[in-house]
Amino acid sequence: MTDLLELKQINQRYDSPGEHKVTVLKDIDLRITTGEFVAILGPSGSGKSTLLRIIAGLIHPTTGTVKFLDHPILGTNPGVSMVFQSFALFPWLTVLQNVELGLRYKDFPNPEKRRRALAVIDMVGLDGFEGAYPKELSGGMRQRVGLGRALVAEPDILLMDEPFSALDVLTAENLRRDLLELWLEHKIPTKSIVMVTHGIEEAVYMADRAVVLSRDPATVIADIHIGLPHWRDRKEESFTHVVDRIYMILTHSRDIQPEAEDTATGGRKYIPLPQVPSGALTGFLELLDDLAVKSDLYKLADQIMFELDDLLPIVEACGLLEFAEVSQGDISLTPIGKQFASATLLERKELFRARLLERIPIFERIRWVLDSKRNRRMPREFFLEVIRKNVGSEAADAQLDIVIDWGRYSELFAYDESSRVLYLEEEDGPFAEPAAP
Amino acid sequence: MKWPRQRFPLTTKFTWVDAIIALLVFALLYALVTLGSGMDVHFSDVDQPVIHLDWWLLPYYAGRSLLRMFIAFFFSLLFTFVYARFAAIHRRAEKIMIPLLDILQSVPVLGFLSVTVTAFMGLFPHRLLGLELASIFAIFTGQVWNMTFSLYYSITNLPRELQDAAAISRLDSYSRFTHLELPYAAIGLVWNSMMSFGGGWFFLAASESISVLNHHIQLPGIGSYMATAMQQGNIPALLEAMSTMVVMIVVVDQLFWRPLVVWAQRFKLDTHADDPIESWFLKFLHRSRLALWISEHIFGSMLRAIDSTVVNFVKSSRHKQTHSSITPHSSAWKPWLSRGVALLGILLVFYYGFQGTVEIAKLGWPQIFHVIILGVFTLTRVMSSTVLALLWTVPVGVAIGLHPRASRITQPLVQIAASFPANMVFPLVTLVYLELHVNFQIGSLFLMMLGTQWYILFNVIAGAQAIPSDLKEATRVLGLRGWERWRRLLLPALFPYIVTGCITASGGAWNASIIAELVTWKQQTLVATGLGAYITQVTTLGDWPAIVLSIVVMAAFVTTVNRIVWRPLQKVAEKRFRII
């Protein structure tokens, strides 16, 4: 088999002056050969979409090369087209005009272009809707247009960026099957498909190969060959076995948090917090308490109709605060977690506070700073600067929002949004008016 | 946009609708020729166009004015396309172009009317075309900045995935503009154009009849008609001109803007349809085979021809690129070209900046100080006129906005009032002032208010309409009444709208001050102490250093007030009072 696409030592960094460099992608090597359907899996924020856009030539990597048929690409990759999560149709063009856009610079006479566009529209099951505008169509039909626009150009590689995640369950399944049929029965001349997804099941159902990425920064942590014959049955043991295996790789990768000591800066290192509001965290702990002793993560997600993407950060937060632990794909509450789940509101806050101070250095630091100030107040910007140095300015605001959310919930400190100041409430008068900055 | 071949309805017979459309097209072409031919006639000091106050000449004068408006609008659109697109695409240019736009929009247009008139007259000596162009230029500068900002913000806010989709399809910049950027910006641009066009009438009325360098020059048009009526103290002619103006605003709205706004709805991103807007004229056009034929075979094929030419050009140039291994030559000299242009620009700025400073320096410090004090006077008037307008527009606007029926009736009226050039009412008010011996230091403040208050009213009505009904119900359930209701619900909810209205209003008031602080009726002149009156006086005298100084001072005042007062308020409005 020949290499269609070759990625060599791809690194993507965002750096601005005065900050630590934030590495999104690190040393990614990837080869894609003819006939492969590759799924790229990874937690949210891992840079999957960035990687896909680098393959497409929409983003130029900081270092490394992308080769298409042995030629390094400079601008937009000539051999690809792309299906987008939000469909990215032009709302002012009809279905036919949207599809014809994919043929704009092809060397066909206009009648031929029209014929090909109509044939593709027929193929994706939109016959009769040529003259409709995207806003008249349902989500599933819109994505069919997106697919048609990508396929009409007859690309060698079809890139798909979470193509089914904006659709409801039934519509998504329907479209997955239709696409798979086109692909498996060679109704399209496409030589390879690369799909970014966070649905493990989706990947195992459709792809021949799953490339699993880690986070902060993204590296390839597993490259799994899925040898199951099509059409695959989700209930079969061989299927669930592969799903479980990928689940374990993904959850396990989160346990390898960098240990708290950082020799370079002398102090303790900043631990990035998962984007989970305190309310979701407590709700999840209550749920775990109500359920059996141990729950299979994969089944749990299915039960509460959560995508892996939504569930994993919560699991990570629980682990970070030692409220719950994950082993072998099962999650269970720790003694502290049990204590928390059955505590009263005030007790919970106290427990949470203790956990934060013990486990996450930034809270101890904030408290120390506020305590040592005479007026016990400090602008948000100050802490933002601290966090920015560690995670970069893009993520810093969201990080600080979560820090403030957790801190407020545990009453470690208070925050005034209009003056953007963190402060300590008076011990005897918790409702004292925040003074003007 | 793609310009598809439309299928015609199956009937083949011409209807009365087609007859009317044919007549319309013919009349439009004839009017353009007649009105246009009057634009470039000979003129000299002795041989000046005379404005006759016969009522039956009004349609002709109105037509001349309208032609000016549309020419100015066309150039505004052209400028917008080029400037906004360039600024949105080129990062480095953006850093200079957007702040520059911000300053340009605070330069009082009427202040440098004298400059442009002399310049254009120099270009076309002894011909009316120079004056014509100066007037068009004044209208242009009155409407263009808003439109440019609108397009610029739309392009920079394009959703990421749509941009990616365009890049994957490898769209060239022309196709990207026509298929993606322009359609995406269309709704905002049409609304902004409509507003700017409405504001343009004010500059039209002010620029047709001007005194500059000791000459009084009049262009045939409705504004000059008005000015002549004012000089002669002819009240019936004055009223006739005002009614013509109202008719003209309504007609342009119904036949041009309304259909355009309705048509632009097709560029909406989402499906949800609130209150479908309708246009009888657009429906009428849709019923006509002739109109369809014209749009298909004249405009449609023209655009298709451009489209295919561009596509073919791009195709062939891409072929060349892939077939030749050498990098194209253009990339070698391109950076030098842009550097050269930048250097030239810097040199020009320095040269003229230096000359301007020398001019102003001739005046000496006392004079400069005097002009700044005058600026403070005008600033006080601008601010008081805005506050005074707030006092009545907020309660009235809320009363209208909270009652759907009342707002349906009044909104078009307010729109007309906002478009109506306030300077056309000045003479009547002046007459009243003269009769009642009103103190003009305060009286001029009301003249400024005349034009600008409508923007606030307009925004307050829109704000009151936008208050979610569950908030209104919650207020009722909580039993909040009277002042509490204002404090807890209405004022916070209206705040962003009030700020927007005030920004537009005060911007307009600065421009209005130039003609509102000095008015005449027959031979009597009323003057208020202020920068506006000063600009009018030095313009009439042709005192160059003073003209330059006063314009600079006014622009500085406007920019400073924007930065110190309005921007922070706007930020507060966005952060704290936005209803999610």
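**Helix packing and chain contact in a predicted two-chain model**

The axes of helix α13 (residues 365-401) of chain B and helix α19 (residues 531-541) of chain B come within 7 Å of each other and cross at roughly 125°, where axes are lines fitted to C-alpha atoms, for helices over the stretch in contact, and angles run from 0 to 180 degrees between N-to-C directions. This is a predicted model, in which local features need pLDDT of at least 70 and side-chain atom pairs count only at pLDDT 80 or more, whereas totals for chains, interfaces and linings use all residues. Residues are numbered from 1 along each chain as its sequence is written, while chains are lettered from A and ligands numbered from 1 in the order in which they are written.

**Helix pairs in chain B**

- α13(B) and α19(B) are therefore oblique to each other, given that angles under 35 degrees count as roughly parallel, over 145 as roughly antiparallel, 65 to 115 as roughly perpendicular and the rest as oblique.
- On the α13(B) side, Val371(B), Leu374(B), Gly375(B), Phe377(B) and Thr378(B) meet Leu531(B), Gly532(B) and Tyr534(B) of α19(B), a contact being a pair of residues whose C-beta atoms, placed from the backbone, lie within 7 Å.
- This contact of α13(B) with α19(B) has five nonpolar, three polar and no charged residues (Ala, Val, Leu, Ile, Met, Phe, Trp, Tyr, Cys and Pro count as nonpolar, Asp, Glu, Lys and Arg as charged, and the others, Gly among them, as polar).
- Helix α16 (residues 440-466) of chain B packs against helix α18 (residues 482-516) of chain B at an angle of about 160°, with the axes 8 Å apart, which makes α16(B) roughly antiparallel to α18(B).
- The residues in the contact of α16(B) with α18(B) divide into 17 nonpolar, 11 polar and no charged.

**Contact between the chains**

- Chain B gives 25 residues to the contact and chain A gives 19 residues.
- On the side of chain B that touches chain A, α6 (160-168), α7 (173-207) and α11 (289-323) each supply at least two residues, and the largest share, six residues, comes from α6(B).
- By class, the residues on that side of chain B divide into 12 nonpolar, four polar and nine charged.

**Chain A as a whole**

- Chain A has 15 helices and 16 strands, where helices (H or I, at least four residues) and strands (E, at least two) are DSSP runs, numbered from the N terminus.
- Along the principal axes, the C-alpha atoms of chain A fill a box of roughly 80 × 50 × 45 Å.
- Of the 437 residues in chain A, 37% are buried (20 or more other C-beta atoms lie within 10 Å of the residue's own, with C-beta atoms placed from the backbone).

Technical notes: Two residues are in contact if their C-beta atoms, placed from the backbone, lie within 7 Å. A residue is buried if 20 or more other C-beta atoms lie within 10 Å of its own, exposed if 12 or fewer, and partly exposed in between; C-beta atoms are placed from the backbone.
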